[in-house]
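Subject: Structure for you to look at

Hello,

Here is the structure I promised to pass on. Please open it first, then read my notes below with it on screen.

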Amino acid sequence: MKVALIFGGKSTEHEVSCLSAASILDNIKGHEVLPIGITKNGEWFYTKASSDDIRSGRWTELEKQPVSIDLANKEFMCCGKKLDIDVCFPIVHGRNGEDGRLQGLLEMLGVKYVGSGVLGSAVCMDKITANKLFEAAGIRRAKWFPVIKGKNDRMDEIRSAAEKLGYPVFVKPSNAGSSVGITKCFNETQLQKAIETAFSVDSRAVVEKSIENPVEVEVAVMGNEDPIASHTGRIISSNDQIYDYDAKYISGTSQTLIPSGLSREIEEEIRQTAIRAYTYCGCRGFSRVDFLIDKNGEININEINTLPGFTSISMFPALFIAEGMTYSELIDRLLKYALD
Ligand SMILES: Nc1ncnc2c1ncn2[C@@H]1O[C@H](COP(=O)(O)OP(=O)(O)O)[C@@H](O)[C@H]1O
Ligand SMILES: [Mg+2]
């Protein structure tokens, strides 16, 4: 098949996306790949750069051809010709790529693509919406409330609501990713600054109770109508408060544990809950579902990532590799789900 591998993008996760794409390019077997990179300014280019140049970000400085769209014929165009594509693998993490926007564009063009559609992507990217659906599905999570700029953003009200939850609390932009704009607050004096920080990223925010010293575990789920779940993997963050951007991608000292060492019962409960959340939120193709286990052993869902990191050592692939699949087979499975 001819696979358009779309990577990069305008979000804060641009670099991670390049790493994911380079890994896919190195390991995809039996297909012709058309790499399409999106710069940090949002410009689209067809590139013949090597995986190493994509990984390092150098591809933007090499020869590349602008990609355009011919809406009359519903085709991607390059150098005056249509790009012949059977299926797209958009591995663009974060805003614009993971939130349904890119998926909407692909829908308009009638292109089949890996991963969730417009609704599932948008729902999971937006914490207020996702939390509401988790509640509707009866899935436990940390207690929380939404704060909407210009609606219920009076500080005295936020303070008293946070007081009810009990400190510490996390303040998060509803729609962001990569821990950007997230603050952990230990008292009410930190709250105002945290709300401002969240509002600098999005006009909607969530305040939620902190699950102290949580066991942070992640599950890989894939499939369409009958999704399957991997076993769990555990995150040991190098930053003891938040598994943040630095801990995830920069300092490199965070550890992942596969298997996570949980009891059979908890493991099974988490896997079933992950599938339930995936289905309820309208996910398709694949997603990584993240949980926080509290000190009483209660499992709490945190979020679903519809386009999780996808290097061969990222949690999503690593979890299915631990089940006996190869990274190349996993790519093939996802392409097959896209065609289905
Ligand atoms: N309620 C909470 N209790 C404890 N830790 C939390 C809570 N919410 C988030 N965290 C920590 O902060 C990290 C980032 O939060 P998350 O909601 O996953 O944001 P993002 O969407 O940016 O990944 C989590 O991986 C976890 O380490
Ligand atoms: Mg997260």
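**What I found**

Start with one pair of residues: Glu216 has Leu292 as its bridge partner in E15. Keep in mind that this is a predicted model.

E12 runs antiparallel to strand E15 (residues 285-293), and 9 bridges join the two. E12 also pairs with strand E13 (residues 228-236), again in the antiparallel sense, over 6 bridges. There, Val221 stands opposite Ala229. The link from E12 to E13 is a hairpin of 4 residues.

Is E12 enclosed or open? Of its 9 residues, 8 are buried, so the rest of the structure largely encloses this strand.

What does Ile299 touch? Leaving out residues up to four places away in sequence, its contacts are Arg140, Ile266, Glu269, Ile270, Thr273, Phe291, Leu292 and Ile293. Ile299 and Glu216 are 83 residues apart along the chain, yet 9.7 Å separates their C-alpha atoms.

**The other sheet to trace**

Now find the open sheet of 7 strands. Its order is E6-E5-E4-E3-E2-E1-E7, and the pairing is mixed. Strand E6 (81-82) and E7 stand at the edges. Each has a single partner strand, so one side of each is left without a neighbour in the sheet. Further in, strand E4 (residues 64-70) pairs with strand E5 (residues 75-78). That pairing is antiparallel and has 4 bridges. Ile69 stands opposite Phe76 in E5.

**Domains and cores**

How is the protein divided into domains? The domain assignment gives domain 1 (2-113), domain 2 (123-140 + 212-339) and domain 3 (144-209). The centres of domain 1 and domain 3 are 35 Å apart, taken over C-alpha atoms.

The largest nonpolar core has 36 residues. Those with the most contacts inside it are Ile24, Phe89, Ile91, Met222, Phe286 and Phe310. Helix H11 gives the largest share, 7 residues. A second, separate core has 23 residues, among them Ala130, Ala137, Val221 and Ile301.

**The whole protein**

Zoom out to finish. The protein has 11 helices and 16 strands. Its radius of gyration is 20 Å, close to the 20 Å from the globule rule for 340 residues, so it is as compact as a globular protein of that length. The C-alpha atoms fill a box of roughly 60 × 45 × 35 Å along the principal axes. Buried residues make up 54% of the 340. Among contacts with a separation of 6 or more, 64% join residues 24 or more positions apart. The accessible surface comes to about 15200 Å², and 49% of it belongs to carbon and sulfur atoms.

Best wishes

Definitions and conventions:
Residues numbered from 1 in each chain as written. Chains lettered and ligands numbered in written order. Predicted model: local features only at pLDDT ≥ 70, side-chain atom pairs only at ≥ 80, totals over all residues. Heavy atoms only, no water. Core = buried A, V, L, I, M, F, W, Y, C linked by side-chain atoms within 4.5 Å. Buried < 20%, exposed > 50% of the residue type's maximum accessible area, 1.4 Å probe, protein only. Domains from an automatic or database assignment. Rg over C-alpha atoms; globule rule 2.2 N^0.38 Å. Contact = heavy atoms within 4.5 Å. Areas by Shrake-Rupley, 256 points an atom, 1.4 Å probe, with all protein chains shown as cover. Pairing = 2+ DSSP bridges.
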